[in-house]
Amino acid sequence: MEEMKDGFIKVAALSPMVKVADCRYNEKEIISAICDMAEKGVKLLAFPELSITAYSVGDLLFQETLLKGAEQALIRILAATEKLEIVFVIGLPFRHGGKLYNVAAVCQRGAVLGLVPKTHLPNYGEYNEARYFAPAPKETVTVDCVFGEEIPFGTDQIFVCRDLPELSVGCEICEDAWVMHSPSNTLAEKGATVILNLSASGDVVGKASVRRTMLSAMSAKQISAYIYADAGMGESTTDLVYGGHDLIYENGSLLAEAKPFSGQCAVSEIDVYRLFALRQKKNTFRAAENAAYINYFSLTKEETTLTRKISDSPFVPKDKAVLLSRSEEIVTMQSAALARRLSHIGCGAVIGISGGLDSTLALLITAKAYDRLGQPRTRIHAVTMPGFGTTGRTRSNAEILCERLGVAFSTVPIEKAVRQHFADIGHDGVKTDVTYENSQARERTQILMDIANMENAIVIGTGDLSELALGWATYNGDHMSMYGVNGSIPKTLVRHLVSYFAETSDDEALKATLLDILATPVSPELLPPDKDGKIAQVTEDLVGPYSLHDFFLFYFLRYGFGPQKIFRMAKYAFGGAYSDETILKWLSTFCRRFFNQQFKRSCLPDGPKVGTVGISPRGDLRMPSDAVSALWQEEIKELTENK
């Protein structure tokens with residue numbers, strides 16, 4: 001099975017236990033590490049700066065014996081690894097043209113693919129590299145040396161995998177990352193999706209935190225994977241201590257870390273397709289005019305075992321503190337956007353309240369908007385409209401919710417009006433078909449619109465991102481409003497935002513009501529209750545689990561991933577919670593409904609975008625309503641047949 005086509009590549013940053021100036025010892029440690037990482041499936045491995053000699057050799061760099069020892073050590077490392085396809089990058093001093101350079105040697109299958117010299121040489125505090133090394137020349141040239149003939153030498157090199165062109169690697173060394181104009185920025189501009197940094201950064205109090213912040217920012221700015229290998233224990237402690245702080249970032253997110261002095265290494269899988277997709281969508285990320293010096297290497301296509309974390313809830317942070325902060329931020333954005341619209345029009349708000357999650361969140365946001373405006377909540381007119389499927393539980397929760405929030409409240413039953421409508425159009429009122437359901441939704445929307453006219457108000461939409469993505473809305477019914485505050489909030493996040501309001505509320509009755517709403521099955525309540533008066537129409541039984549659909553939606557829209565990759569990631573993320581058959585069934589449903597229901601999204605009302613995924617026809621999603629899902633369904637069919 002050729003899994004490399006999914007774009008996952010196992011990478012590592014490793015700090016070997018070195019001995020200062022003992023190249024023989026260090027080469028053995030390095031060879032052992034390379035073989036071990038290759039055995040574990042690592043395809044790209046970074047070692048620290050000057051790792052063959054150790055970084056802290058000082059004036060021994062003036063010694064011919066050390067320099068020759070480093071050269072011979074690399075030759076023996078190449079010989080010992082010539083049958084391995086792992087690409088490893090190792091630091092050593094290199095002589096050329098009568099000068100000494102601090103270089104990263106990019107190696108594979110017993111050969112040096114290229115030598116990348118350090119550009120910026122620190123000369124402050126305990127760091128005095130300018131005493132020993134020359135800065136990198138401005139142009140990349142080829143050199144003949146003890147490692148071979150015509151080896152590229154220079155900073156403007158990108159190493160590209162022939163079998164996976166999205167895997168394109170650039171290198172910089174330690175201080176190069178700390179300056180204003182880092183070489184890696186130019187390399188990323190010229191196409192490098194992965195940056196390796198061979199470093200020897202002494203540890204002082206607080207520096208680990210600074211490293212994390214800086215490398216995260218660089219990775220996010222470059223839309224790159226950034227692999228940082230730091231000198232570790234074994235270096236001289238005469239004036240500094242080196243902790244071996246190895247880090248792997250992808251587009252700003254930390255994938256793996258070997259914390260200082262832990263003696264561990266950082267190993268994870270980077271997703272180069274993800275990086276490529278983000279760059280492709282971002283037209284401000286432009287390739288540089290002058291091409292880099294391109295070197296090619298090959299890798300065998302094989303399965304990459306995943307160890308990186310793939311969240312089963314990409315819209316909802318797992319960390320409770322982060323989730324709390326994120327919820328507060330989203331609620332503020334929603335309420336601020338609505339407050340701006342209300343103040344611009346100078347009107348009240350009308351909102352339909354069902355006792356379900358979406359309308360509850362919309363009402364809570366509307367209340368916050370009026371608090372922000374310093375206006376009474378009585379300007380909010382909440383309307384509950386019981387119909388054929390309304391249960392006592394949801395109706396009671398709707399009433400208590402409105403009472404505790406202090407909004408104007410009224411009840412308008414719709415059964416009589418809908419039955420009259422059935423008679424007018426020749427429906428028997430017994431057959432519970434789509435007309436039976438949608439007539440109720442459209443009647444409710446008509447009531448809300450007309451009350452809004454009477455009250456000099458606008459209708460606040462309650463539909464969420466997940467429903468709109470699936471087209472789970474009645475056209476010109478709950479699909480329509482005058483401002484949709486939940487339009488970019490997926491169902492899995494709606495639940496947590498309502499929970500946020502419950503957790504932060506000082507009103508025990510309101511809190512209890514919100515918790516009961518959270519415990520109520522998601523339902524449009526358009527079909528009659530069961531014989532016990534409970535909800536009979538459960539949405540997730542009909543369209544599938546929202547946890548899966550939100551997962552599909554995130555990777556489909558954010559990165560443009562196809563069914564094959566989404567299926568693989570879903571299997572891993574949900575860890576067996578759903579069978580393969582279940583995932584594929586609902587993935588097929590998602591693709592079919594997403595394409596077929598685009599016409600409903602082409603005329604969506606205004607509403608604030610609060611996350612990275614949106615479906616506004618004026619913003620993120622410019623999709624024709626006539627697009628066909630055949631290619632996606634064919635891919636799902638192949639997965640089903642080959643499973």
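Is the crossing of H9 and H10 left-handed or right-handed? The crossing of these two helices is right-handed, a term used when the near helix is turned clockwise from the far one by less than a right angle (left-handed if anticlockwise). The model is a predicted one, in which local features need pLDDT of at least 70, side-chain atom pairs count only at pLDDT 80 or more, and totals for chains, interfaces and linings use all residues. Residues are numbered from 1 along each chain as its sequence is written, and side-chain values use heavy atoms, leaving out hydrogens and water.

Helices (H or I, at least four residues) and strands (E, at least two) are DSSP runs numbered from the N terminus. Five strands form an open sheet in the order S20-S19-S18-S21-S22, with parallel pairing; two strands pair if DSSP finds at least two bridges between them. At the edges lie S20 (408–411) and S22 (483–484), each pairing on one side only. S22 is joined in the parallel sense by S21 (residues 457–461) over two bridges, and here Ile 460 stands opposite Tyr 483.

Helix H10 (residues 434–455) lies across S18, S19 and S21, running at about 145 degrees to S21. Axes are lines fitted to C-alpha atoms, for helices over the stretch in contact, with angles from 0 to 180 degrees between N-to-C directions.

The axes of H9 (residues 415–425) and H10 come within 10 Å and cross at roughly 125 degrees. H9 and H10 are therefore oblique to each other, the class left after under 35 degrees (roughly parallel), over 145 (roughly antiparallel) and 65 to 115 (roughly perpendicular).

Technical notes
Contact = heavy atoms within 4.5 Å.
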